[in-house]
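Please read the following briefing alongside the sequence and the three-dimensional view.

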Amino acid sequence: MSCMLSARIIASRVSASRAYCTATIVKNDTKRKKFVIELGKNDEAYLQYSEDRKTNLIKFEHTFVPDAGKGKGLGKKLVESAFQYAIAQKMTVKLECDFAVKYFKDNESTYKSYVTK
């Protein structure tokens, strides 16, 4: 295989994986208290949360991305969607999930005013 053909194959694979991530739909499953990305028939990535409407507090408790979805930015999409939901609902966010804490640190200037300890 020539170098040029090899480079085109690699570039198309990178583009395809990026397109997968940008076309990802995150749904808020309020019954299960999870933000969910469906990956297949019985496979999903999710961010589990709990809400206290009396204090307007949402806790980001746990994220899970199965092996098939790792490295595609799905965890980031979940946390980003959860933050957007919290902001729209005028809720304060408490971070209990290590991945959500990392995401927050990488985007602190955007979300600092919404997070409590």
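## Strand pairing and overall layout

Lys59 has Lys94, a residue of β5, as its bridge partner. The chain then passes from β4 through helix α2, which spans residues 74-88, to reach β5, and this β-α-β crossover is right-handed. The model described here is a predicted one, and its chain comprises 4 helices and 6 strands in its secondary structure.

**Order of elements and whole-chain figures**

- Read from the N terminus, the elements follow one another as α-β-β-β-β-α-β-α-α-β.
- The chain has 117 residues, of which 30% count as buried.
- Where contacts join residues at least 6 apart in sequence, 42% of them link residues at least 24 apart.

- Strand β3, covering residues 44-52, pairs with strand β4, covering residues 57-64, in the antiparallel sense, and 7 bridges are found between the two.
- Within this pairing, the residue that stands opposite Glu51 is Ile58 in β4.
- The two strands β3 and β4 make up a hairpin with 4 residues between them, and in the turn Asn56 has a positive phi of about 55°.
- Strand β4 is also joined to strand β5, residues 92-95, by 4 bridges, and here the two strands run parallel.

**Aromatic pairs and the cation over a ring**

- A search of the whole structure gives 8 aromatic pairs, among them the pair of Phe83 and Tyr111, which is stacked, with 4.1 Å from centre to centre and 20° between the planes.
- Phe83 belongs to helix α2 whereas Tyr111 belongs to helix α4 (residues 108-111), so this pair ties together parts of the chain that are 28 residues apart in sequence.
- Both partners lie away from the surface by the accessibility figures: Phe83 is buried, with a relative accessible area of 0%, and Tyr111 is buried as well, with a relative accessible area of 7%.
- Phe83 and Tyr111 also belong to one aromatic cluster, which they form with Phe60 and Tyr103.
- A contact of another kind involves Lys34, whose charged end sits over the ring of Tyr46 at 3.9 Å from the centre of that ring.

**Salt bridges**

- The count of salt bridges comes to 7, and several of them can be described together with the accessibility of their partners.
- Glu51, the residue opposite Ile58, forms a salt bridge with Arg53, in which the closest N and O atoms are 3.2 Å apart.
- In that pair Glu51 is partly exposed, with a relative accessible area of 24%, and Arg53 likewise counts as partly exposed, at 43% relative accessibility.
- Lys59, the bridge partner of Lys94, forms a salt bridge with Glu96, and the closest N and O atoms of this pair are 3.9 Å apart.
- Lys59 counts as partly exposed at 27% relative accessibility, and Glu96 counts as partly exposed at 38%.
- The side chains of Lys102 and Asp106 meet in a salt bridge with an N to O distance of 3.0 Å, and these two residues are 4 residues apart in helix α3, so that about one helical turn separates them.
- Lys102 counts as partly exposed at 48% relative accessibility, whereas Asp106, at 52%, counts as exposed; the boundary between the two classes is set at 50%.
- Asp29, Arg32 and Glu44 are linked with one another in a network of salt bridges.

**A buried loop residue**

- Thr24 is located in the loop that runs between α1 (3-22) and β1 (27-29).
- With 14% relative accessibility, Thr24 counts as buried, because the class of buried residues takes in values under 20%.
- When its neighbours within four places in sequence are left aside, Thr24 is in contact with Ile37, Leu74 and Lys77.

Note on methods:
Residues are numbered from 1 along each chain as its sequence is written. This is a predicted model: local features need pLDDT of at least 70, side-chain atom pairs count only at pLDDT 80 or more; totals for chains, interfaces and linings use all residues. Side-chain values use heavy atoms; hydrogens and water are left out. Two strands pair if DSSP finds at least two bridges between them. A crossover is right-handed if, with the strands pointing away from the viewer, the path from the first strand over the helix to the second runs clockwise. Rings of Phe, Tyr and Trp (its six-membered ring) pair if their centres lie within 6.5 Å; planes under 30 degrees apart count as stacked, over 60 as edge-to-face and the rest as tilted. Buried means under 20% relative accessible area, exposed over 50%, partly exposed in between (1.4 Å probe, protein chains only). A charge sits over a ring if NZ of Lys or CZ of Arg is within 6 Å of the ring centre and within 35 degrees of the ring normal. A salt bridge is a side-chain nitrogen of Lys or Arg within 4 Å of a carboxyl oxygen of Asp or Glu. Contact means heavy atoms within 4.5 Å.
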